[in-house]
Amino acid sequence: MTDDRRLIEDYLPIEKISAEASREKSVRKGHISTLHLWWARRPLVACRAAVYGALVPVSRFVPNGASDEKKKSLGRANAAKFVERLCLYPGNPSVIAEAQQHILEAHAVRLTQEIGRTVTVEDIVEGRAPRPKVLDMFAGGGAIPLEALRLGCEVYALDLNPVAHIIELCTLVYPQKHGKPDPSASGMTGPKNAKGETTWGGLAEEVRYWGNWVLKQVKTEIGDLYHTIPDPEFKGKKTAVQADWLNEDSANDIPPGHLMPIAYLWTRIVKCKNPHCRATVPLLRQTWLCKRQRRYVALKIVAPKGKKQVRFEVVEARSEGALSFDPAAGSKGGNSTCPFCGTVADTDYVKVEGCAGRMDTQLMAVVCTRPGKQGKVYLAANDVVDAASEKRTAELVARLDASPGMLPNELLPGAGALGLRIQAYGIKSWRRAFTGRQLAFAGTFAATVRDVSKRIKVNTGSTERSRAVAAYLGLILDKIVDRGNALGRWYAAGEKAQSPVSGGRLAMTWDFPEVNPFGGASGSSDKVSNYIEDCIHTLSEITRPAKMVTRGSATALNWDNSSFDAVITDPPYYDNVPYSNLSDLFYVWLKRSIGEMFPEHFASEVTPRKSEAVADPMNFGSGQADARRIYEELMAKAFSEAARVLKPNCPLACVYAHKTTLGWATLIDALRHAGFSVHEAWPMDTEAPNRERAQDSAALASSITIVAHKRDGAATGKYEETVRPELEQIVRERVGTLWEMGISGADLVIACVGAGLRAFTRFARVEYSNGEEVPAERFLTEVEMVVLETILARLSKEVGANGSKYGLAGLDAATRFYVLWRYTYKAADLDAGEAIIFANGTHVELEGAHGLSSGTRALVAKNKSKYRLMDYTERGDAAALGMPSEDGQPAPLVDALHRLLWLMERHPSGIPDFLRDARPNTEQMRLVAQALAGPALKGGELGEVATGSELAALTKLTANWRSVVEDVAEAAVGPLFRGPRQSK
């Protein structure tokens with residue numbers, strides 16, 4: 001019988017795919033990430049690998065006539081070569097066509113077996129037989145269904161969120177259906193050719209035409225709010241401030257001697273709490289404007305005597321040190337110091353002022369460009385004439401207010417809602433998230449889109465095509481709003497505004513940029529329009545649209561039983577991203593711009609929450625425990641539905657990136673209770689190296705693609721007899737395989753934990769020998785224990801300890817814990833729950849009289865609900881560190897190593913006495929030092945385990961081991977002392 005196991009269940013060249021996925025993150029032109037922000041959207045090449053691997057069998061690449069082991073090796077090599085060629089971005093059309101052929105051939109074989117008559121690829125291509133049906137029931141930004149579409153599948157995409165749904169339509173339906181020129185629209189109002197005839201190009205050209213039309217109308221109404229600014233360096237005749245530069249006839253003309261403002265930089269302010277001062281306190285976090293090589297620009301705060309408000313001066317230097325002040329010395333944790341009297345405006349005071357409506361803003365500087373010149377020009381607010389146009393702005397906002405519903409007065413969820421940290425400062429409605437000028441622009445744009453939509457429908461003669469054009473106009477506004485709000489940040493290294501929500505949370509900002517939507521720089525209307533036009537062009541190269549893109553809940557799929565050949569999805573990760581909370585920033589404007597064109601999706605006040613599978617207590621009016629329970633129930637229902645609609649022997653591929661065991665336990669319980677058995681788990685690096693969350697090294701660099709099948713039967717497995725031995729075998733094999741692929745750290749641990757789930761989830765219930773059920777969370781702890789023990793054995797092998805009498809496997813518990821924490825999480829903090837689980841997996845306690853966070857020799861520091869390892873610089877100065885206990889028990893080896901490192905760096909002459917009195921196992925200590933140093937292993941492929949100053953000290957120690965330790969020890973205590981002290 002033919003082996004129908006899918007490639008994703010056997011082998012994927014994940015190192016190559018990961019490298020390409022990381023590279024893809026830096027590509028902008030035509031990429032769907034430039035269409036609209038959506039959180040945790042996976043790289044297309046990783047999605048392409050998952051779709052291809054889920055539909056193509058292992059047997060395609062296995063040669064005939066070789067032994068089984070040889071077949072396996074050659075098959076993997078052949079598969080790797082093809083998948084590497086396939087998973088290049090954007091992709092070679094001929095390779096993609098070949099992949100489509102592979103998928104259709106495999107599908108024809110399965111269809112032949114299903115219906116009992118021969119089905120050919122030609123039958124499928126010509127529509128006499130169905131294409132492979134692929135469902136993504138948490139489609140989000142559309143990456144997975146897009147790649148399934150590219151690979152020739154019949155695609156179904158579902159999401160609950162209306163913003164996601166519009167993105168999916170603009171990704172999976174409209175470009176493919178309307179991307180090419182529409183002859184039927186010829187003669188309608190639109191762009192004209194050289195003969196003066198009105199013609200339409202494809203959808204991209206149509207969107208550009210109507211986008212420009214809308215922007216011209218908006219410019220005519222409010223363009224004077226963004227007038228040009230006289231150039232202080234201009235030597236010619238000065239002219240008046242230009243308020244008419246945005247007239248339709250000269251939309252892009254900048255008068256001679258003028259600068260184009262691209263952003264206005266503001267700080268929030270409150271009155272000083274000192275009743276004898278009451279000056280204005282700027283709450284700014286920092287004043288950097290530009291941080292580039294040989295150009296450092298920042299604002300200097302000046303508090304004039306006799307005044308009550310600071311002013312700002314632009315200071316520029318060739319080096320950071322030459323500025324003579326620290327631009328980063330602003331507010332800390334929301335606490336700001338009054339520059340006039342020194343009184344601290346603490347966070348609680350600022351919250352009170354904000355909620356009372358007494359927090360205001362002050363303009364600090366204006367960022368400009370000079371026509372025909374590279375680089376930014378920075379002007380202090382005091383040097384700019386009439387920069388804010390406050391009176392005119394107030395008039396425009398009042399006019400919009402006179403039209404009911406044109407400005408977003410929708411309330412944010414209450415304080416404590418997942419991902420939102422702005423309500424406590426008085427920002428309780430979405431209106432408060434924008435400046436008056438931003439409201440004037442966005443409200444006028446939305447109203448103009450609503451008006452023009454009717455005109456588009458008349459001109460195109462097609463309701464669907466007019467909805468398509470309107471949808472993209474809504475996305476243009478959304479992308480401008482993404483940076484055109486009062487909560488973003490100025491990125492000095494790139495000299496541009498940053499989105500406040502791209503990192504998956506919305507926090508309070510004390511200084512923020514206000515982007516000029518007509519300024520021509522990053523975040524402006526023309527940049528946004530270009531991105532969207534490029535994206536439509538790229539997407540329209542795929543000529544078949546998705547079969548069905550719908551909005552609804554994954555807990556109630558509207559499809560028949562056993563109807564899909566694969567479910568490939570990227571579900572919400574417990575409490576990682578609060579999609580509804582964040583997407584409301586866009587929803588409130590889409591509702592105003594295109595809500596009348598899509599009334600079925602924008603009828604509610606804000607985005608749906610009650611059916612959203614996110615563990616947010618605010619969604620359910622209850623505590624964290626209830627939020628977790630409801631999340632688990634929703635995920636279990638969703639996976640049960642996936643099991644129902646999947647054909648027999650067809651895979652569910654689930655991308656998962658939550659790093660905590662609690663998150664994993666929740667997912668695994670949902671899968672198991674839905675009747676799935678996990679067959680495989682693959683880590684893929686799907687994040688950009690400079691992503692915001694990459695700064696937390698405990699966060700996964702990889703997403704894990706879990707591959708599962710519907711489980712046959714409801715057998716009970718015995719943990720000690722069956723599950724544990726199988727688990728150990730799987731983990732040993734997986735550690736070896738992934739180690740050779742270059743996977744390390746938290747990614748290796750989590751991937752091996754995922755693979756180990758096969759032993760657990762193939763049973764409906766797992767019991768200990770006493771009949772007690774093994775819950776998922778406890779099993780995951782035991783899996784982690786097996787994984788960590790196996791990794792430690794592999795580390796021992798890498799440092800050459802296998803032939804030694806003393807290896808890493810024989811380390812004391814505290815040192816094992818230290819090495820494995822450093823290997824897995826480096827210098828990152830861990831939440832208490834995850835740290836305790838990790839401690840259990842390494843047989844130590846964190847709390848209590850003998851816990852690692854207790855006493856004068858504590859190895860772990862605890863701060864509220866976080867734990868972190870302490871390094872030698874924090875511990876090594878204690879003279880008793882590394883010394884035997886009062887009852888003669890040797891100290892943990894990590895204590896001796898930390899004391900040795902401290903002495904080596906600060907008091908080398910004390911090393912002989914320390915080695916004589918502590919008498920550590922120097923051979924084992926050398927192995928630990930080498931394991932922590934990392935780069936010496938496998939020519940540096942493993943990477944550093946320790947970090948910072950400890951890594952530098954370990955590198956120095958291992959390079960000079962003989963002179964620092966061996967020669968000194970021999971001189972101090974006789975022949976080299978290698979073992980624990982022996983009693984006489």
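Colleague: What percentage of the 984 residues of the protein chain count as buried?

Modeller: This is a predicted model, where local features need pLDDT of at least 70, side-chain atom pairs count only at pLDDT 80 or more, and totals for chains, interfaces and linings use all residues. Residues are numbered from 1 along each chain as its sequence is written, and side-chain values use heavy atoms, without hydrogens and water. Buried means under 20% relative accessible area, exposed over 50%, and partly exposed in between, with a 1.4 Å probe and protein chains only. Of the 984 residues, the share that counts as buried is 58%.

Colleague: Is C654 buried or exposed?

Modeller: The cut-off for buried is under 20%. C654 has 1% relative accessibility, so C654 counts as buried.

Colleague: Which class does C355 fall in?

Modeller: Partly exposed lies between the other two classes. Because its relative accessibility is 42%, C355 counts as partly exposed.

Colleague: How many disulfides does a search of the whole structure find?

Modeller: A disulfide is a pair of cysteine sulfur atoms within 2.5 Å. Searching the whole structure for them gives a count of 0.

Colleague: At roughly what angle do the axes of α1 and α2 cross?

Modeller: Helices are DSSP runs of H or I with at least four residues, strands are E runs of at least two, and both are numbered from the N terminus. Axes are lines fitted to C-alpha atoms, for helices over the stretch in contact, with angles from 0 to 180 degrees between N-to-C directions. The axes of α1 (residues 14-24) and α2 (residues 44-55) come within 7 Å, and they cross at roughly 145 degrees.
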